[in-house]
Amino acid sequence: MRILLVEDEQRLSEALVYILNKNNITVDVANDGIIGQGMAEMGGYDVIVLDRMLPGKEGVDILKYLRSIQIKTPVIIVTAKDAVESRVEGLNAGADDYLIKPFSVDEFVARVRALGRRSEAAFTDNKVKIAALTFDPLLGEAICDSTTIKFTQKEAQLLDLLIRNQGHVLTKEQILERVWGFDTDVEMSSVEIYIYYLRKKLIPNACGITINTVRGVGYCLKEA
């Protein structure tokens, strides 16, 4: 699962990233409303965690804009504004959930996971079946014809991204940003290397899927 966290409180933001990463949830962070809205518009997130009082643009205004352009990614608002009218305003703007600060870490992670399950119906109990492959991104492993295939964390994140975008071409830039993060220093060639690693593990096991190269653009996962 990959989420976008739009939160301007630096210490809270860092703590949430640490907690979510420990739960095998990949996080991109924006500390400003304008930047957060731009990242949300690019798509590719399972859940957006949105603060209300942000520099640049208020959280509810960001949410209204995203819904107006038909971005339906589940959104949970996390805020200190606990008045009933504030909660009603957030939910009416299109939020799927509303959590008041301070909150329980366990409850926060559980709510994020619950919303993440809505975003991709093909994933059941955090697993997805495609062709002969049953993939569990949390465990970082897949089963194919009774054979268990183990993946590194980055391999699992990359395969998760490709499966969620099955049949669609992802550019190398999109893959780099979503697997390694927006501020990564990793070279673009790392995408090619990890695609090679995935193919090396998947193809010999006749999983019934292929990762096609779209020359000059990127990669596309399809059923063989």
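Student: Where do Tyr-194 and Tyr-197 lie?

Tutor: Helices (H or I, at least four residues) and strands (E, at least two) are DSSP runs, numbered from the N terminus. Tyr-194 and Tyr-197 both lie in helix α8, three residues apart, which is about one turn of the helix. Keep in mind that this is a predicted model, where local features need pLDDT of at least 70, side-chain atom pairs count only at pLDDT 80 or more, and totals for chains, interfaces and linings use all residues. Residues are numbered from 1 along each chain as its sequence is written, and side-chain values use heavy atoms, with hydrogens and water left out.

Student: Why is the pair of Tyr-194 and Tyr-197 edge-to-face?

Tutor: Rings of Phe, Tyr and Trp (its six-membered ring) pair if their centres lie within 6.5 Å; planes under 30 degrees apart count as stacked, over 60 as edge-to-face and the rest as tilted. The structure holds five aromatic pairs. Trp-180 and Tyr-194 form an edge-to-face pair, 5.3 Å centre to centre with 70° between the planes. Trp-180 lies in helix α7 and Tyr-194 in helix α8, so this pair ties together parts that are 14 residues apart in sequence. As for your pair, the ring centres of Tyr-194 and Tyr-197 are 5.2 Å apart and the planes stand at 75°, so the pair is edge-to-face. One aromatic cluster is formed by Trp-180, Tyr-194, Tyr-196 and Tyr-197.

Student: Is Trp-180 buried or exposed?

Tutor: Buried means under 20% relative accessible area, exposed over 50%, and partly exposed in between (1.4 Å probe, protein chains only). Trp-180 has 15% relative accessibility, so Trp-180 counts as buried. Tyr-194, at 22%, counts as partly exposed, and so does Tyr-197, at 33%.

Student: How many salt bridges does a search of the whole structure find?

Tutor: A salt bridge is a side-chain nitrogen of Lys or Arg within 4 Å of a carboxyl oxygen of Asp or Glu. The search finds twelve. One of them joins Asp-51 and Lys-101, with the closest N and O atoms 3.4 Å apart. This pair links distant parts of the chain, 50 residues apart: Asp-51 is in strand β3 (residues 47-51), and Lys-101 is in the loop between β5 and α5 (105-119). Both residues, Asp-51 and Lys-101, are buried.

Student: What does Leu-99 touch?

Tutor: Contact means heavy atoms within 4.5 Å. Not counting residues up to four places away in sequence, Leu-99 touches Ile-76, Ile-77, Val-78, Thr-79, Glu-107, Phe-108 and Arg-111. Leu-99 is in strand β5 (residues 97-100) and is buried, at 4%.
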